Amino acid sequence: MEEEKKAEQAPQPNILDQLKDYAETRFLLAKYKTIEKSTSVAASLVTVVVLVFSLLLTFLFATFTLALFLGDVLGAAWKGFGIVALFYLLIAIIVITAKKSIEKPIVNLLISKIFK
């Protein structure tokens with residue numbers, strides 16, 4: 001009777017085969033997760049680059065418009081461009097003095113984007 005029960009039961013797969021299948025599955029899962037994250041980061045990067053480029057062009061043309069307007073109001077184009085240049089110099093000085101407080105949120109944002 002016991003021999004019949006043993007014959008009816010399916011043979012157990014080898015533990016080494018199971019471990020091998022498990023390792024292969026884990027490797028594939030890690031591979032797919034890496035692909036998903038990298039494509040997500042790449043898509044975000046492309047979007048940000050296009051957005052920054054568009055905003056940079058908008059900012060550049062707005063700056064020229066402001067400089068020309070101020071030059072017209074003040075009677076000399078160099079005065080308008082000089083005022084705009086001084087304004088940007090002031091912004092640069094502020095950014096340089098507040099560098100640490102500006103960098104930290106940017107780093108945190110990038111890290112959260114990568115490990116999303």
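Mentor: We begin with the term itself: a residue is called buried when its relative accessible area is under 20%, and exposed when that value is over 50%. Please keep in mind that this is a predicted model.

Trainee: In which helix is T63 placed, and with which residues is T63 in contact beyond its neighbours within four places in sequence?

Mentor: T63 is placed in helix α2. Leaving aside neighbours within four places in sequence, T63 is in contact with V84 and Y88.

Trainee: How many helices and strands does the protein chain have?

Mentor: The protein chain has four helices and zero strands, and its pattern along the sequence reads α-α-α-α. Helix α2 covers residues 15-74. With its 60 residues, α2 reaches 86 Å from the first C-alpha to the last, close to the 88 Å expected at 1.5 Å a residue. Just after α2, G75 takes a positive phi of about 90 degrees.

Trainee: What are the buried residues of α2, and against which helices do they pack?

Mentor: The buried residues of α2 are S44, T63, A67 and G71. They pack against α3 (77-97) and α4 (99-114). As a general idea, an α-helix has 3.6 residues a turn, so residues three or four places apart point the same way.

Trainee: Is G71 buried or exposed, and with which residues is G71 in contact?

Mentor: G71 counts as buried because its relative accessibility is 5%. Apart from neighbours within four places in sequence, G71 is in contact with A76, A77 and G80. G71 and I83 are twelve residues apart in sequence, and their C-alpha atoms are 9.0 Å apart in space.

Trainee: What percentage of the residues of the protein chain count as buried?

Mentor: Of its 116 residues, 6% count as buried. The protein chain exposes about 10500 Å², of which carbon and sulfur atoms supply 73%.

Trainee: Which residues form the nonpolar patch on the surface, and which helix gives the most to it?

Mentor: The patch is formed by F53, L57, L60, F61, F64, L68 and F81, with about 690 Å² of accessible area together. Helix α2 gives the most to this patch, with six residues.

Trainee: Where does F53 lie, and why does F53 count as exposed?

Mentor: F53 lies in helix α2. F53 counts as exposed because its relative accessibility is 52%, and the cut-off for exposed is over 50%.

Terms used. Residues are numbered from 1 along each chain as its sequence is written. This is a predicted model: local features need pLDDT of at least 70, side-chain atom pairs count only at pLDDT 80 or more; totals for chains, interfaces and linings use all residues. Side-chain values use heavy atoms; hydrogens and water are left out. Patches are made of residues with over 30% relative accessible area and no salt bridge: like charges are joined within 9 Å, nonpolar side chains (Val, Leu, Ile, Met, Phe, Trp, Tyr) within 5 Å. Accessible areas come from the Shrake-Rupley method with a 1.4 Å probe; for residues, only the protein chains shown count as cover. A salt bridge is a side-chain nitrogen of Lys or Arg within 4 Å of a carboxyl oxygen of Asp or Glu. Helices (H or I, at least four residues) and strands (E, at least two) are DSSP runs, numbered from the N terminus. Buried means under 20% relative accessible area, exposed over 50%, partly exposed in between (1.4 Å probe, protein chains only). Contact means heavy atoms within 4.5 Å. The expected span of a helix is 1.5 Å times one less than its number of residues.
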